[in-house]
Structures are given as structure tokens and as C-alpha cells.
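Reader: I am new to this structure and would like a close look at its salt bridges, both inside a chain and across the contact of the chains. Please take the pairs slowly and give the cut-offs as you go.

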Amino acid sequence: MPELGRAALLVTLGLATYALVAGAAGAHLGRRRLALSAQNALIAAFFSTLVAAGVLLAALLRHDFSFTYVARTTSEALPTGYTISAFWGGQEGSLLLWLLVLTGFGAAAVRLNRGWARDLIVWVVPVFAAVAVFFSFLLVAVASPFATQPAPADGAGMTPSLQNPYMLAHPPLLYLGYVGLTVPFAFCLGALLAGRPDERWLVATRRWTLFAWTALGVGQLLGAHWAYVEVGWGGYYAWDPVENAALMPWLAATAFLHSVMIQEKRGMLRVWNVLLVILAFSLSLFGTFLTRSGVVNSIHSFTQSSIGPWFLGFIALTVGVSLAIVFWRLPQLRSPTKLESPISREAAFPYNNLLLLALCLTILWGVVYPVLSEAVRGEAVVLGRSYYDFFLRIFGLPLLLLMGIGPLVAWRRASFRSLVTTFRWPTLVAVLTGLVLLVLGAGSSVPGLVAYTFAAFVAATIVLEFARGTRARKALGADSWPGAFYSLLARNRRRYGGYVVHASIVILAVGIAGSSAFDSVAEARLARGESMRIDDYTLLYRSLDERVVENATEIRATLAVSRGDRELGTLEAGKNAYTVEQQVSNEVGIRSDPLTGEDLFVIAEQIDPDGSVYFRVFVKPLVNLIWIAGFVFVVGSLIALWPDAREQRRLVERTREIGLPATR
Amino acid sequence: LTLALVLAALLAVVCVVVVALPFIREPEPESDTLHELDEDERRRLELLETRDRALAALKELEFDHRTGTISDEDYRTLVGPLRREAANALRALEPSRAGKRAVPETREGRPTGGRI
């Protein structure tokens with residue numbers, strides 16, 4: 001029933017418009033019932049969007065090809081899991097998901113924070129609503145998922161590279177991240193509009209920002225693994241514009257998560273934090289625009305569409321209005337405190353922020369350069385991998401080092417003597433690691449060697465912090481060492497969760513350096529019975545088989561793998577020919593060594609009719625550390641995200657102390 | 001089509017009721033104005049933030065000193081100003097004097113947690 005879907009979206013548009021107008025009027029005129037009514041409208045908008053989402057999901061599951069969207073993105077033969085994932089596989093469905101998550105986050109953020117931040121919430125609602133108006137308008141007037149047509153016998157199916165289990169998790173996580181950044185943005189502008197740029201908007205949104213940042217981070221890692229196992233080019237990150245689209249807001253949010261601590265602890269960097277939040281949100285809009293507009297050439301550009309100008313207009317409006325509000329409230333954003341010493345933690349943080357921002361803006365320049373060069377010179381010039389790799393080293397390596405330095409420097413001021421004492425062990429570990437690696441031959445890649453050395457430094461500082469902290473907790477009366485460790489985490493989840501996240505970045509850096517700076521590649525055309533060598537591996541091409549599965553024909557070459565005299569078993573690599581979609585995909589063969597984290601990666605580039613196969617083979621040292629880093633990242637984020645009842649009580653108590661009325 | 005339209009109409013009606021709920025519940029409220037913080041309340045809020053910030057910083061400093069991350073020398077330099085900051089905020093927040101007492105000043109000559 002597409003009419004119900006259309007009507008539900010129309011209701012959402014009406015509710016969002018009401019929440020924007022009535023919310024702004026209620027907040028400006030100080031009308032309590034009007035403001036409450038606007039809050040209710042935002043919450044109701046979530047439920048009406050949920051109805052629309054339900055209609056689309058039902059149409060997908062029923063293979064109702066009278067829905068143009070369903071016919072364009074699925075087919076009868078498509079397995080159920082991928083049929084569900086078609087919800088966000090196309091433009092209209094993904095915009096609906098954006099709106100659903102947006103209204104859901106808006107409703108939840110309003111409900112959860114109105115106990116102690118009601119004076120902010122009244123202004124947060126119209127900001128949320130303004131974003132919801134834009135997306136619901138797009139869905140109603142420009143890109144409706146409920147357009148209908150005479151039903152064809154079968155749908156066009158799904159792009160083969162999307163037919164992967166990661167399709168069920170990677171896009172939704174990215175959307176949770178993109179949309180999640182609306183929460184800090186709405187609270188930031190709400191606080192400015194309310195004239196209350198104190199620390200409450202930061203506290204209200206800290207976990208939301210962390211959640212969005214975690215979702216973006218995990219989403220990107222899943223996407224990288226997806227590219228690694230599915231796309232079949234031998235890597236996991238290609239600096240593709242759409243990949244960069246997710247990385248940019250993540251970097252801006254990373255900078256914000258660090259600089260926000262300075263404002264909370266020292267009351268500094270208020271303007272900077274506000275600008276970072278606006279940048280992160282604008283980049284999340286830009287990311288959605290890049291993904292969906294088809295304005296740049298990308299492996300992710302499945303469709304060209306007409307929503308580009310709408311998005312650009314909205315991004316320009318968002319940036320313009322936000323900056324005007326910041327300028328208006330500039331006198332209230334002055335910091336009440338000053339930097340006491342250049343040797344202090346708050347002095348170290350801006351370096352981290354500048355490096356993150358420099359990396360972010362460098363990537364942004366790389367993404368928009370082809371569009372700008374085409375507009376100016378009539379020829380799209382694409383900045384290649386070497387451009388991004390260069391700046392990743394220039395900004396990324398100092399960032400890695402700062403990750404170890406920052407946590408060991410005291411707030412406010414630190415003496416030089418104290419720094420020498422604190423840093424002697426981590427420095428010793430780093431220097432020894434560098435020397436040992438140099439002797440072992442890691443000097444073949446200087447950036448790789450530097451990355452390992454810095455990683456050792458950071459790892460040592462993290463271990464030191466945990467060891468000292470646990471020992472102190474034990475001395476303070478913990479029953480056992482595990483109890484002391486738990487107590488350490490529980491009493492300052494944000495700090496020690498942050499260290500675990502830092503550990504994940506160290507593991508990630510080692511994985512990236514190992515797999516990119518020290519990898520090997522070999523290529524050969526083999527007939528059955530022939531073999532090839534790479535490093536100390538030997539691959540013998542044994543057989544070629546063809547089998548028909550649910551929606552594709554699989555062709556697989558089987559290779560026997562050995563290392564020295566040791567047989568390691570067989571590996572399959574080949575191609576899938578998708579029947580409905582009439583497309584072919586590479587299906588790579590990967591053998592992972594659980595002890596060393598190394599992968600043997602085989603691509604069957606070309607399969608000839610005589611049965612000979614052109615193979616491209618990689619050996620990627622330490623590449624599995626990248627995926628392990630993902631798990632550690634999630635653990636660290638969960639520790640930092642875990643709700644802190646004491647903090648909530650303190651905030652409610654503070655609100656009560658100044659006499660703000662209880663929630664109604 | 002009819003069922004879809006009925007469901008759509010039902011959805012619209014429910015949403016209108018939800019939106020109108022604050023007016024239905026309180027057709028003639030005693031007060032319909034949002035609570036705005038006055039100057040004194042704002043100042044108290046800022047003092048409370050300063051107090052909490054200073055106490056949290058003190059707690060972290062004590063722990064970092066205990067772990068050895070902060071040396072004795074740095075601890076002695078840092079602990080005094082933090083204690084003074086917390087004590088100033090606490091004194092200014094004393095209920096009997098709230099609103100009457102002048103807001104104490106920091107070393108920079110700015111009101112502690114003064115207007116932002």
C-alpha cells in the first residue's frame with residue numbers, strides 16, 4: 001500500500017514543519033505548552049516515519065514490484081537478507097533510513113535530557129526539526145520510495161558487489177554515525193540560541209557523539225573488510241571519495257571528542273568546539289551528498305540522481321546559518337580561563353586537533369579537486385593514492401606520537417623534570433623497538449619503521465598508565481588485582497576507555513604499516529598443474545570447477561598452498577556470474593595465519609576458456625591486526641560509553657540546586 | 001486503497017492529538033511561560049559548574065599523584081590553586097549568602113565562573 005507510505009511521509013513533513021515553527025516560536029516567546037507541543041510533534045514524527053519504513057520493508061519482503069524502488073533494487077531470486085538490505089541499498093530507501101534514524105535520535109535525545117536541560121531542549125527541538133523538514137521534503141517531493149509502476153515479472157536485482165553479508169551492517173552503521181552527529185549539532189545550536197553555551201550541551205551530547213563516532217569507525221572498518229574480501233583488488237582502503245566521505249566527519253568528530261575535554265575541565269576552546277561540531281555535521285551531510293549524488297566517480301556510485309543541488313543548498317544554508325549564530329553569540333563564548341603553561345595537557349590537545357583537522361581538510365581537498373578542476377579547466381583531475389598516502393604520513397605519524405604524549409602530561413602545567421621521569425620508560429621501549437626492527441630489516445620502509453617505533457611508544461604509555469592505575473587502586477583497598485583493574489575502569493570509564501581506543505589505533509597503525517609498507521605481490525598465468533612462488537609460499541593450480549547456487553554461477557580455481565616443505569591446504573579463488581543482474585564479480589581466496597596475522601591473498605584476474613587463469617597474489621604481513629583493532633575499538637568505546645549514574649545524579653542535582661523546575 | 005486511506009487518516013488524527021496534548025491536558029494553565037533563569041540563577045549555575053570542575057580536577061590530580069604520573073613537585077604547584085578555586089565556589093554558593101555575596105575573583109582578576 002504505497003498510499004499509506006506516502007501519507008505517512010507527508011504526516012512526518014507536517015509534524016517536522018510544525019516542530020520547527022512552533023518550537024522556535026515557543027522558545028522565542030517563552031510559551032511552555034507550545035514548546036511541549038513541538039517536542040511531541042518531533043516524537044510523533046518518528047512514529048509516522050516508522051510507519052513509512054514499515055510499508056517499504058513489507059513491499060520489499062513481498063517482492064511487490066509495483067513499487068518502482070523494489071523493482072529497481074531487488075529480484076525474486078535475491079536472498080531474504082539482501083532483500084532487507086535493499087532498504088538502504090538505493091537512494092530513496094537510504095534517505096528514508098536517514099529520516100527514521102534522525103527522528104528516532106531526536107525523540108530519544110529530547111526524552112532523555114529534558115530532566116536537566118529543559119531550557120536547552122526548547123531550542124534543540126526546532127534545530128532537529130529543521131533537518132527533519134529537509135529530509136522529509138526530499139522524500140515527499142524529490143525522491144519518493146513509494147513511486148509506483150505497472151509491476152514487471154521480476155526486478156532488476158541488486159548490484160553483485162552489494163550481495164555480501166556486510167551489506168546488512170556496514171551502511172546502517174555509517175548512517176547511525178552520520179545521523180548521530182546531528183545530536184551534538186542540534187544541542188550546540190540549541191545552546192547558542194538559548195544563550196546558554198555552558199558545559200551542559202557538551203555533557204548532554206557526549207555519549208551521543210561517542211556513539212556516532214563509534215558507529216562511523218566500526219562502519220568504516222567493516223567497509224574496509226568488505227572491500228578486502230569482495231571487491232577483489234588486493235586492498236582494503238582505496239581513498240575512494242565515498243570512503244573518504246565517512247572518514248572526514250569521523251576525523252572532525254575525533255578532534256571534537258578530544259577538545260571537548262579541555263572545555264569541560266578548563267572552560268577553554270569554546271568557539272573551537274562549536275566550530276568542530278558544525279564542521280562534523282556539515283561533513284556528514286556532505287558524505288551523504290557524495291554517496292547519493294553521483295557527483296564524483298566512485299566505486300560506490302551506483303546511481304546518478306537529481307538530489308545533488310538540494311543537498312548542496314542545504315549544506316550551504318546549514319553552514320551559513322550556523323556561522324551566523326556563532327558570530328552572534330561570540331561574546332558569550334569567551335573563555336573564562338587562560339592557558340597556564342605551554343607544557344600542559346591542554347596545550348598538547350590543540351596540536352592533536354590541528355593535525356586531525358589538517359588531515360580532514362586535505363582529504364576534503366582531494367575529494368573536491370576533480371569537481372573543481374573540471375569546473376575550472378574542463379578536465380577532471382583525480383588526486384591519486386600517492387597524494388593521500390603522503391599526507392597520511394605527514395599528519396598521521398605525529399598524531400600517533402601525540403597519542404602517547406598527551407595522556408602523560410599533567411593538566412594546567414608540568415615541570416620538565418617530571419616529563420623526563422614520566423617519559424623515560426616509553427621512550428626506552430620505543431627506541432629499543434626501532435633498533436631491533438632496523439636490525440631485522442624493517443628499514444626498507446622508513447615510514448613503516450617510524451610507525452612501528454611510535455606505536456611502541458604509545459603502547460608503552462598505555463601499559464604504564466594501566467599498570468600504575470591498577471597498582472594505585474590496589475593500594476586504595478581493592479580486594480584483588482582483577483578487582484583493582486575493574487575499579488580503575490569503572491571509576492573513570494571515559495579516561496581508561498579512551499586508552500583502550502588508543503590501543504586499538506596503535507594496533508590499526510601496525511596493521512596498516514605492515515600490510516602496506518612491507519607487502520609483496522606476484523602475478524602469473526597458470527595452466528592446470530603449474531605453480532608460482534611468492535616470498536616463501538608456493539601455489540600449485542590444481543583444478544577449475546563451476547557450480548550453480550541460488551542467484552549466481554560460481555567458478556572457482558583451486559590452488560594447493562605450501563610453505564617450504566609444509567603443506568598448508570588448498571585455497572579457492574574465482575568469479576561469480578550473477579544471472580539476473582548479468583554481472584560478474586571477483587571472489588578472492590584468502591589464507592590467514594592466526595599466529596603472525598599475515599594473509600596470502602589470491603585474485604583470479606582472468607579465467608580463459610582453455611582453463612588457464614591469470615592470478616595476482618599478495619602476501620600481506622600483519623593485515624589481520626586491522627580487523628582485531630576493530631574489536632578493541634568497540635570494547636574501548638563501550639567502556640567510555642557506559643552510562644555513569646553518578647554523573648547523571650550530579651547534573652540533576654545541579655539543576656535542582658539552581659531551582660529549575662522538574663520535568664513535566 | 002480504502003484501507004490505506006483509513007490507516008493514513010487514523011495516523012494523521014493520532015499525530016494531531018499527540019501534538020495537541022499539552023493544550024488538551026492544560027486548557028487554562030496557571031502559567032504558560034517557560035522558566036527562564038534570572039541573573040542570580042545563572043551565576044549560581046556557573047558557580048556550580050566551577051565547583052564541580054574544580055572538585056573533579058582535584059580528584060584526578062590526587063589519583064595521578066598517587067599513580068606517579070604527576071610528580072610531588074607538580075602536585076604541590078597544582079593542588080593549591082585548585083583547592084582555592086573549589087573553596088571559593090563553595091563559599092559563594094553558601095545558601096544564606098547566595099545572591100547577596102560578591103562573586104570572588106580568580107588570579108586573573110575575572111569573577112570565578114563569572115558571566116560567560
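**Salt bridges within and between the chains**

Author: A:Glu264 forms a salt bridge with A:Arg494, their closest N and O atoms lying 3.0 Å apart, where a salt bridge is a side-chain nitrogen of Lys or Arg within 4 Å of a carboxyl oxygen of Asp or Glu. This pair links distant parts of the chain, since A:Glu264 sits in helix H10 of chain A and A:Arg494 in helix H18 of chain A, 230 residues apart; helices here are DSSP runs of H or I with at least four residues, numbered from the N terminus. A:Glu264 counts as buried at 10% relative accessibility, whereas A:Arg494 counts as partly exposed at 24% (buried means under 20% relative accessible area, exposed over 50%, partly exposed in between, with a 1.4 Å probe and protein chains only).

This is a predicted model, in which local features need pLDDT of at least 70 and side-chain atom pairs count only at pLDDT 80 or more, while totals for chains, interfaces and linings use all residues. Residues are numbered from 1 along each chain as its sequence is written, chains are lettered from A and ligands numbered from 1 in the order in which they are written, and side-chain values use heavy atoms, with hydrogens and water left out.

A second pair in chain A is A:Arg385 with A:Asp389, whose closest N and O atoms are 3.3 Å apart. Because A:Arg385 and A:Asp389 are 4 residues apart in helix H14 (residues 385-405) of chain A, they are separated by about one helical turn. A:Arg385 is partly exposed, with a relative accessible area of 41%, and A:Asp389 counts as buried at 19%.

The next pair crosses between chains: A:Arg417 forms a salt bridge with B:Glu73, the closest N and O atoms being 3.9 Å apart. A:Arg417 lies in helix H15 of chain A and B:Glu73 in helix H3 (residues 72-93) of chain B, so the pair joins two chains. A:Arg417 counts as exposed at 61% relative accessibility, and B:Glu73 as partly exposed at 34%.

A network of salt bridges links A:Lys265, A:Glu465, A:Arg495, B:Glu60 and B:Asp64. Side chains of opposite charge can pair when their charged atoms come close.

The contact around these pairs takes 75 residues from chain A and 51 residues from chain B, contact meaning heavy atoms within 4.5 Å. The area buried between the two chains is about 5400 Å², of which carbon and sulfur atoms give 57%; buried area is the accessible area (1.4 Å probe) that two parts lose on being put together, summed over both.

Finally, a word on confidence, for which pLDDT is the predictor's value for each residue, from 0 to 100. The mean pLDDT of chain B is 78, and 80% of its residues reach 70 or more. Among the helices of chain B, confidence is lowest in helix H2 (residues 39-67), at a mean of 85, and highest in helix H1 (residues 2-25), at 92. Over residues 96-116 of chain B, pLDDT stays under 50. For the complex, the predictor gives an ipTM of 0.78 and a pTM of 0.89.
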